[in-house]
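We will go stop by stop.

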Amino acid sequence: MRTLLLKSLFSGPATTAAPGLGADALEELGRTLQARAGKLFGRSLSIREVDAGSCNGCELEIHALNNPVYDVERFGLRFVASPRHADVLLVTGPVTRNMRVALERTYAAAPEPKWVVAVGDCGCGCGVFEGSYAVIGGVDKVLPVDLHIPGCPPRPAALLQGLITLLDRVATR
Amino acid sequence: MSAIAALLAPLQPLAVLRPWPRYEVDAATWEAIGRALGAGDGALMALWAEPGTVHLAVRAADLRNPAVVSLAAANNAFPSIGQYHPPALRPERAIRDLTGLTPIGIPDDRPWLDHGAWDAAAPLAPPSLTLPRERGRDGRGQSARDPADYAFLPVHGHGLHQIPVGPVHAGIIEPGHFRFTANGETVARLEQRLGYVHKGIESLLIGVGFDHAGRVVARASGDETVALSIAYARAVEAALGIDVPLRAHVLRGVMAELERIANHVGDVGAICNDAAFALLHAHCGLIRERVLAACDAAFGHRLMMDRVVPGGVTHDLTNDARELLFAMLDDALARFADVVRVYDETPSLQDRTCLTGIVSNELVTQWAAGGFVGRGSGRAFDARRDLAYVPYFGMDFAVPTFAAGDVNARVWVRIREVEESARLLRHWLWSTAEGPLRAEVPAIDAVREGVAVAEAFRGDVFVWVRLAAGRVERAHVRDASVFQWPLLEAAIEGNIVADFPLCNKSFNCSYSGHDQ
Ligand code: SF4
């Protein structure tokens with residue numbers, strides 16, 4: 001163990017450089033945030049991830065945000081266990097009929113101000129699951145969505161850029 | 001001769017299915033197979049239905065190939081296999097929810113996938129049988145049931161209390177509900193309720209083109225997308241008699257083993273994290289990231305989705321990419337060896353994983369549980385070897401098996417498999433055969449059926465397809481999780497509530513793959 005600790009200590013950081021703000025995300029947030037009064041106090045976001053029906057591919061890449069390469073916490077982005085602590089709901093999957101109530105209740109449990117980010121082609125639209133009796137569709141069929149991050153699944157870098165752009169727009173300066 | 005082989009011996013197989021025999025049986029034979037399964041005579045591989053017919057796939061020691069057995073469901077009912085063989089219970093409850101066929105004699109008649117939120121009960125049944133919620137008969141299919149409304153099995157005893165968890169969990173994981181009944185810290189019983197991420201996958205595989213169907217199957221469970229695509233492609237290829245070029249086979253193997261390494265490494269880290277050992281989680285996360293980055297560079301997608309298609313593969317491996325994969329493997333394996341050393345030398349970590357979440361060999365055998373869940377409890381089954389397919393056919397690789405059945409055993413299965421996968425990869429990367437990447441998919445009008453099993457990182461996935469006129473008419477995908485989830489209920493018994501995340505992660509069943 002000591003060897004591994006020493007190695008970790010003396011090797012340089014594994015983190016990637018911070019991405020700049022995303023043009024698409026800026027444009028969309030310019031539109032969606034206009035109507036919203038809420039401003040975040042400070043420069044950090046607590047994120048509650050909700051899988052509303054995903055194939056779990058999006059979860060794998062959201063997980064990767066916590067690894068030493070993307071390391072979201074260095075930007076003040078933190079995943080929290082309860083919606084009660086959350087500023088942002090990060091929602092994946094086509095919303096299934098069986099998850100609708102749970103998603104609505106999770107949203108209701110989060111305090112204002114709160115923002116919703118739809119993740120993946122499924123969360124943004126319905127992906128390949130379009131037309132099934134068992135799905136409602138994209139997240140915006142159920143909740144007001146502030147930002148869409150498409151991709152199947154979106155790369156961690158795209159997720160990171162979207163979240164950083166959101167943070168930049170909603171934080172008090 | 002096994003009872004199952006004896007029952008099937010006098011029957012003439014239908015020619016429509018390839019490469020396994022398929023038999024049409026009467027209700028008495030169907031029930032006799034159920035009894036034989038219950039007596040431990042064979043392994044149930046899948047159980048599914050379409051309007052008017054139920055099918056099951058079965059393996060027995062003295063059958064050369066697995067067999068598919070079909071029963072016409074007279075009066076929309078069939079004798080329950082579950083009444084003799086418990087692993088069939090959840091599949092039968094799912095069959096009734098989806099197709100409206102009634103398993104006669106099933107001891108558990110609660111709904112499973114249907115939470116009362118669909119517009120109609122029995123959505124896969126022919127229109128005459130589907131019940132719009134307003135017209136629902138006999139209490140089933142009534143409208144607007146509160147989704148939390150479910151009759152959990154009663155638990156009686158002194159000092160017991162219940163802990164409901166989910167469907168939305170505390171971490172970044174898929175949704176499902178766990179109902180713990182505990183006595184203080186000790187779990188007396190766990191009951192799962194799943195189905196939250198049911199996306200109606202079978203309904204999306206009716207009357208669609210091969211490519212579209214492939215994209216849907218690939219997303220039944222994103223973490224094992226390569227294996228799912230391989231099973232689907234092989235089922236289509238068997239049905240249509242397509243000869244896949246060797247280079248495509250080898251590249252499929254390369255992708256499948258990369259997927260296995262990425263998942264095993266990531267999960268070993270996550271298991272350590274659930275034992276509060278964050279250091280190894282960080283290191284495993286880093287290794288996994290490097291593997292995925294190399295997959296991206298080589299095949300243009302981090303999870304390699306939609307790279308395997310009927311007839312072959314879509315992406316070639318360039319020489320540069322091959323060098324890059326070699327370098328990545330050297331680096332990743334060296335780093336992983338450090339992780340394994342620390343895991344092995346840290347008693348405080350093993351204190352959490354050893355003797356925790358034990359599943360008996362009897363149970364994994366009865367459930368025919370695949371992957372590290374089976375192999376961690378001494379069931380030495382691996383579809384790559386035991387239902388061998390190219391490129392594994394004739395290859396020399398170990399199928400690591402441990403007897404202890406605890407979290408630690410499942411971790412060690414994964415550790416050893418990472419090493420074996422790396423060996424296979426190095427071999428294939430050296431020897432990648434030259435040649436085309438994809439064979440033509442012939443246009444065949446006649447009805448053909450195909451079936452295939454592929455070994456995903458978590459266990460064997462099974463795919464059956466019926467094709468006609470260049471389209472998928474119907475298909476069924478059975479994920480390994482279907483026969484692993486119920487064993488988690490057994491694994492946690494007598495453990496403390498705080499060890500549940502550890503046990504759960506050591507199983508890492510797919511919610512999406514199960515719920516479909
Ligand atoms: S966007 Fe793709 S990866 Fe994400 S849930 Fe949908 S199918 Fe899965």
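Where is the place of Asn75(B) in chain B? Select Asn75(B): its place is the loop between β5 (67–72) and β6 (77–79) of chain B. Strands here are DSSP runs of E, at least two residues, and helices are runs of H or I, at least four, numbered from the N terminus. Check the backbone too. Phi of Asn75(B) is near 55 degrees, a positive value in a residue other than glycine.

A word on the ground rules. This is a predicted model, where local features need pLDDT of at least 70, side-chain atom pairs count only at pLDDT 80 or more, and totals for chains, interfaces and linings use all residues. Residues are numbered from 1 along each chain as its sequence is written, chains are lettered from A and ligands numbered from 1 in the order in which they are written, and side-chain values use heavy atoms, with hydrogens and water left out.

**Cis peptide bonds**

Go to Pro391(B), in the loop between α12 (383–386) and α13 of chain B. The bond joining Val390(B) to Pro391(B) is cis, with omega about 10 degrees. Now switch to chain A. Pro153(A) sits in the loop between β7 (147–149) and α6 (156–170). The peptide bond from Cys152(A) to Pro153(A) is cis, with omega near -15 degrees.

**Where the chains meet**

Stay in chain A and select Arg155(A). Arg155(A) forms a salt bridge (side-chain nitrogen of Lys or Arg within 4 Å of a carboxyl oxygen of Asp or Glu) with Asp296(B). Their closest N and O atoms are 2.3 Å apart. The count between chain B and chain A is 4 salt bridges.

Show the whole contact (heavy atoms within 4.5 Å). Chain B gives 56 residues and chain A gives 50 residues. The buried area (accessible area, 1.4 Å probe, lost on putting the two parts together, summed over both) is about 4,200 Å². Carbon and sulfur atoms give 63% of that area. Color Val168(B), Ile172(B) and Lys199(B): in chain B these lose the most area to chain A, together 17% of what that side buries.

**A helix pair in chain B**

Last, select α4 (residues 210–217) and α5 (residues 225–240) of chain B. Their axes (lines fitted to C-alpha atoms over the stretch in contact; angles run from 0 to 180 degrees between N-to-C directions) are 8 Å apart, at an angle of about 145 degrees. Look for Phe210(B), Ala213(B), Gly214(B) and Val217(B) of α4(B) against Leu228(B), Tyr232(B) and Leu240(B) of α5(B).
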